[in-house]
Every structure is written in structure tokens, then in C-alpha cells.
Amino acid sequence: MESDDAPAATPRPGARGHRRVTAALVAERAGVSTATVSLVANGKSAGRVSAANEERVLTAIRELGYVVDGIGSSLSRGVSSTVILVAPDISNPFFARVIAGVRSALGGDYQLLLSVTDAGQFPSALETRKLLSLRPAGLLVDAPDEAFLEELSAPGPVVLLDAPGVGTGRAGVDLDVAGGARALAAHLAGLGHRRIAYVDGITGTATFAVRRSAFLEEALARGLEVPPAGQLATTIDVGVAASHFAASWPAWQRAGITAVVCATDTHAYGILQEARVAGVRVPGDLAVAGFDDLPYSQTSNPALTSVHLPAEELGRHAGEQLRGLMDGRPLEEPRLTLATSLMVRGSTAS
């Protein structure tokens, strides 16, 4: 059965005559009804439109440059097929794996739209509300703060990612970064280190605060000291981390620092890079460790000790939770916490 008229569409840039192409024009060109155009254009023709008619419609769509008006469709349905992911600074390669996990959970039913803030900045509720005019089916928010959530007041389904202690009562998926941080402190103490440096990210998000405080607490309990000279914070950038290390290394040597923990593997790559240039032996002169366990960490020289954070699983679970909420299904576990693990490699132990 062929039913439901297709919404109007806008022509592709450069379409013939810059004329607004509608489903009616496609139907006229193909010699079918607008209902048939709607079914074909929206991928619902299986078993409802003959192969010959489907081919005529597809040919007309190509010739005319017809594009379904997603905004018009969302207005008629109340919501669109768009899911928005709000993230603070995706320069960290970790986010590529998070996004891959989200995409695998959403499948082909939804389009993922990224809203990215500048490095070191929290998401803006004002900017995000502007995107809500697109009537997204759902919203994923990575590492928000409480002020953002209070100001946002999103009407639809919302799932938080990697926001420990934030948004209590909301659906979300967190990582046990505190457990990983404590394991890393224990590892360095067991190797005999006593004075260490900590290189933080400047995003100010809860996940960075949790991993830093958990590491420092465990380090103190195990007799490790982080002197003032060894406390740094930079953007998540290899070159920036390398330059900060180059400037700090003389002071670290004077302070007796023999190990450095980085809030991300990206920071650690910068230190490894500059250490090679400066002739600093890793781990002989300086042990180096990070968080994330990015793929390159296994093949860097030396291989990087890192707290493994399951990025793809984080995205996949968050996407699955959002799908459940969008489908109106109750969540068995509204707030999940995924386990982390310490991957010990050559940058801390020969």
C-alpha cells in the first residue's frame, strides 16, 4: 500500500535553475504518486513499491537533485532522526573511539550531530539550546558540569557520558577513573619512586578532577610526593605538552622527580617525544604514564604504561541507553560505571 505524502525538499547547490524541488515534481517526472516518492525517499519502499516504480523515482531524484526536507519532517513528527552529542574539545583522540561506539549503538536509524566546545571550555547551555530547535530525538552530553545541566532544561531524552558525581538521578555511563588512578599510584610506589610530577588537562571537567584527586590521595597514602614544581596543566596537545616538559625538566631534576603521570596519553606522547630530543632516558631517568590507553600507546617508543579507559564501550552503552529512552523503554540501570584497568608497559618498567 502506497501512502503518506513526502515533505517538500530543497534542491542541492547547483540544481537546475535553483528551483525548489518538491515531492510533487519528482512524482510528475517519475509518473507516480507523491506517496510513492515519500516511501522511496525515506527508505520504506520494500514490499510496498514495485521495482520498476522505485527505479523511476530514484532516477527522477538524481536528475532533479531532490533532498528530503528533514526539518519539515521533524516538524510534522514532533522530533527528528538527529541525535546531538555535546563534547568539550574533541582534540583528544579518545573521543574518536567514543563516537565510534555511539554510532554502532544508533545504527542507521539516527544521524549523529557533534557540538564541540573550544579547548578547555565547558559546553554552553545557550549554544546547545539553539541546536534543540532542530528537535533532536535525543541528547548525549560528555563531561558536563551541574550549571550546564541546570541551565539546559532539555525536554527530550538525555544521557551523560563520563560525568562522575554530576547529574545525579540522570541516565549516564561513567568510567571508574578513580580506581585506575589508584592502581597507577600503587604501581609507581611499588617501583620505588618517591617524588613524581602530575600533568593535568585544563578542561576542568569532573573526570579530570576525579582522576587527579584519586591519584594524589593514593600517592600520599603510599609515601609519594608531588612537589609544586611537578604540578602542571596544559591543553590536550602533543606539542604543548612537549614544550611544557622541556621548560620544566631542569626543575624536575633539581626536585628529584623520577616519574610523571599524565591526565591523558596525548600529554604523555608529548613528554616521550621531547624526552628523546633531550636525551632523557625513559624509564631510566624518568618513568612516564598516562590515561586512555590509545592504540598508539602499545607501539610508542617505549610502549606507554596507561590506565585503559574503554572509550568505545562508553559510547556504545551511552548510545544504547539513549535508544532505550527514545523508544520509551525504562532503563534497568540508569547509571552505569565501566571498569578500568592498568596496562603496564616499558615506559615505567623495563
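Predicted model: local features only at pLDDT ≥ 70, side-chain atom pairs only at ≥ 80, totals over all residues.
**Entry 1**

I placed tryptophan 249 in helix H10, residues 238-255. Is tryptophan 249 buried or exposed? Its relative accessible area is 10%, and the cut-off for buried is under 20%, so I recorded tryptophan 249 as buried. Leaving out residues up to four places away in sequence, I found that tryptophan 249 touches Ile257, Val280, Asp285 and Leu286. I also checked a C-alpha separation: tryptophan 249 and alanine 278 are 29 residues apart along the chain, and their C-alpha atoms are separated by 9.4 Å.

**Entry 2: other aromatic pairs**

I counted five aromatic pairs. One of them joins tyrosine 198 and phenylalanine 215, with 5.6 Å centre to centre and 35 degrees between the planes, and I noted this pair as tilted. The pair links distant parts of the chain, since tyrosine 198 belongs to strand E6 and phenylalanine 215 to helix H9, 17 residues apart. Both tyrosine 198 and phenylalanine 215 are buried.

I then turned to tyrosine 269 and tyrosine 296. Their ring centres are 5.0 Å apart and their planes stand at 80 degrees; the cut-off for edge-to-face is over 60, so I classed the pair as edge-to-face. Which parts of the chain does the pair tie together? Tyrosine 269 lies in helix H11 and tyrosine 296 in the loop between E9 and E10, so the parts joined are 27 residues apart in sequence. Tyrosine 269 counts as buried at 11% relative accessibility, whereas tyrosine 296, with a relative accessible area of 44%, is partly exposed.

I also looked for a charge over a ring, and found arginine 211 over the face of phenylalanine 208, at 4.6 Å from the ring centre.

**Entry 3: nonpolar cores**

Which residues touch the most other members of the largest nonpolar core? This core has 67 residues, and I listed Leu140, Phe215, Trp252, Val260, Leu286 and Val288 as those with the most contacts to other members. Helix H8, residues 177-190, supplies the largest share of the core, namely seven residues. A second, separate core holds 16 residues, among them Ala23, Leu25, Ala30 and Val40.

Not counting residues up to four places away in sequence, phenylalanine 215 touches Ala181, Leu184, Ala185, Leu188, Ile196, Tyr198 and Val261.

**Entry 4: the six-stranded sheet**

I traced an open sheet of six strands, in the order E7-E6-E8-E9-E10-E12 and with mixed pairing. At the edges I found strand E7 (231-234) and strand E12 (341-343), each of which pairs on one side only. On average, and with direction ignored, neighbouring strands of the sheet are turned by 20 degrees against each other.

How many bridges join strand E8 to strand E9? I found three bridges between E8 (residues 259-262) and E9 (residues 287-292), and the two strands run parallel. Valine 260 has valine 288 as its bridge partner in E9; I had already listed Val260 and Val288 in the largest core.

**Entry 5: helices against the sheet**

I noted that helix H9, residues 206-221, lies across strand E6 (196-201), E8 and E9, and runs at about 170 degrees to E6. Helix H11, residues 265-278, also packs on the sheet, where it touches E6, E7, E8, E9 and strand E10 (305-308). I recorded about 155 degrees between the directions of H11 and E9.

Note on methods. Residues numbered from 1 in each chain as written. Heavy atoms only, no water. Core = buried A, V, L, I, M, F, W, Y, C linked by side-chain atoms within 4.5 Å. Buried < 20%, exposed > 50% of the residue type's maximum accessible area, 1.4 Å probe, protein only. Helix = DSSP H or I, 4+ residues; strand = E, 2+ residues; numbered from the N terminus. Contact = heavy atoms within 4.5 Å. Pairing = 2+ DSSP bridges. Axes fitted to C-alpha atoms, helices over the stretch in contact; angles between N-to-C directions. Phe/Tyr/Trp six-rings, centres within 6.5 Å; stacked < 30°, edge-to-face > 60°. Lys NZ or Arg CZ within 6 Å of the ring centre and 35° of its normal.
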